[in-house]
There are 2 protein chains.
Amino acid sequence: MVPAARRGRPRAEGADEKILGAALELLLERGYDRFSVDEAAATAGVAKTTLYRRWPTKDHLIVAVVARMQDEVPVRYSGDVRADLTRYLNAIVHGLDRVRRAGRPAGSGDASAGLVAEVAAAAARHADVGAAVHAMFARRNAVVLALLQEARSQGELRPDLDPEVLFDQLAGALYYRLLVTGRPLDGAYVGRLVSTALEGAAR
Amino acid sequence: MVPAARRGRPRAEGADEKILGAALELLLERGYDRFSVDEAAATAGVAKTTLYRRWPTKDHLIVAVVARMQDEVPVRYSGDVRADLTRYLNAIVHGLDRVRRAGRPAGSGDASAGLVAEVAAAAARHADVGAAVHAMFARRNAVVLALLQEARSQGELRPDLDPEVLFDQLAGALYYRLLVTGRPLDGAYVGRLVSTALEGAAR
């Protein structure tokens with residue numbers, strides 16, 4: 001039990017945890033379309049009003065769940081920025097694959113962007129969901145941007161490099177293939193992407 | 001009038017044009033959420049059944065409309081690949097801005113990905129819409145990939161460069177900022193992006 005003297009709202013936080021846990025299970029099983037907020041409340045054993053007070057729409061709840069689905073990828077500069085980026089981008093590919101597959105039959109050849117696209121649409125639909133998604137990516141990307149800054153100060157990257165532009169190119173290529181062109185993502189592609197970005201396209 | 005001997009289904013094609021024209025007007029005014037397929041049929045003066053036979057869902061119709069919204073950007077290698085890419089990416093930024101704003105109040109500071117995100121979600125939701133979106137991008141990107149091949153054969157780009165990887169990095173960065181991080185897109189950003197991709201990040 002949470003001691004009475006502890007700050008915050010322990011009971012509500014307990015309900016939040018129950019709701020997010022139940023919603024994650026349901027989302028992985030059903031996917032976006034067949035996910036029901038009322039069913040998530042019932043499974044979590046909380047009143048619908050409790051859930052809707054915290055997450056006013058299905059989009060709000062689903063984005064909160066997806067934010068927790070992302071694996072925390074340990075990011076520390078190893079002295080080899082190519083290896084670090086390759087590892088990190090492969091972890092993004094793995095994470096995107098996990099999120100996109102929510103609610104889809106395992107082992108199907110289906111390459112749909114699935115839930116990844118629904119999260120982007122939810123962020124576009126509601127200004128507050130958009131702000132939450134953008135803040136989540138700002139927090140997550142800050143860690144890899146710090147790694148790139150360190151690689152730059154250690155002389156592995158150009159002194160005038162803007163780490164954000166480099167990372168946009170790398171992560172952007174992955175999301176572009178998944179969300180826009182539908183081209184496949186794998187380790188071989190990640191390797192070519194990192195090489196091209198580091199070495200540059202110009203002769 | 002279309003001569004009777006002409007091949008194809010001229011009347012149905014006429015209906016298609018009317019529907020797509022009416023749907024475009026409606027989509028620009030209303031945006032995705034408030035767009036109604038029945039209203040598009042009524043405005044076009046065609047039976048709902050005619051429309052639904054051709055486009056079975058709102059998502060199918062909207063993706064067909066958006067495919068026609070994209071400006072055709074003339075793409076010819078000028079001998080200066082940096083200038084060509086800068087021009088082309090600025091045209092993409094302009095086109096994305098036009099699509100994302102559909103149904104949103106003019107002049108609002110709203111940076112939502114809007115309809116761009118809804119198209120990505122529609123492509124993820126229906127396998128046939130996804131195939132149509134991927135084919136549209138394959139056709140559109142083939143032109144710029146040919147330009148990059150020519151720049152490579154003229155010695156402006158590395159002989160071992162994969163044009164697709166380069167273009168993924170460039171277009172990908174734009175879509176990533178719009179759909180994922182919410183960071184702004186403008187001409188200054190495009191300039192930094194092209195320079196970073198051409199020159200490479202490594203020291």
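## Salt bridges between the chains

Across the interface of chain B and chain A of this predicted model, the rule finds 10 salt bridges, each a side-chain nitrogen of Lys or Arg within 4 Å of a carboxyl oxygen of Asp or Glu. Look for one of them where the side chains of B:Arg177 and A:Glu164 meet, at 2.9 Å from N to O.

Local features here need pLDDT of at least 70 and side-chain atom pairs count only at pLDDT 80 or more, while totals for chains, interfaces and linings use all residues. Residues are numbered from 1 along each chain as its sequence is written, chains are lettered from A in the order in which they are written, and side-chain values use heavy atoms, with hydrogens and water left out.

## The wider interface

Chain B and chain A each bring 50 residues to the contact (heavy atoms within 4.5 Å). On the side of chain B that touches chain A, 25 residues are nonpolar (Ala, Val, Leu, Ile, Met, Phe, Trp, Tyr, Cys and Pro), 14 charged (Asp, Glu, Lys and Arg) and 11 polar (the others, Gly among them).

## A cavity inside

The largest cavity holds about 140 Å³, a volume being the space filled by probe spheres set on the points, which are joined across faces, edges and corners.

This cavity is lined by 14 residues (those with an atom within 4 Å of a point), and B:Leu96, B:Val116, B:Val119, B:Phe137 and B:Tyr175 are the closest to its centre. Its lining has 13 nonpolar residues, 1 polar and no charged ones.

Technical notes
On a 1 Å grid over the protein atoms alone, a cavity is a set of points where a 1.4 Å probe fits but cannot get out, and a pocket is an open set with protein on both sides within 12 Å along at least five of seven lines; lining residues have an atom within 4 Å of a point.
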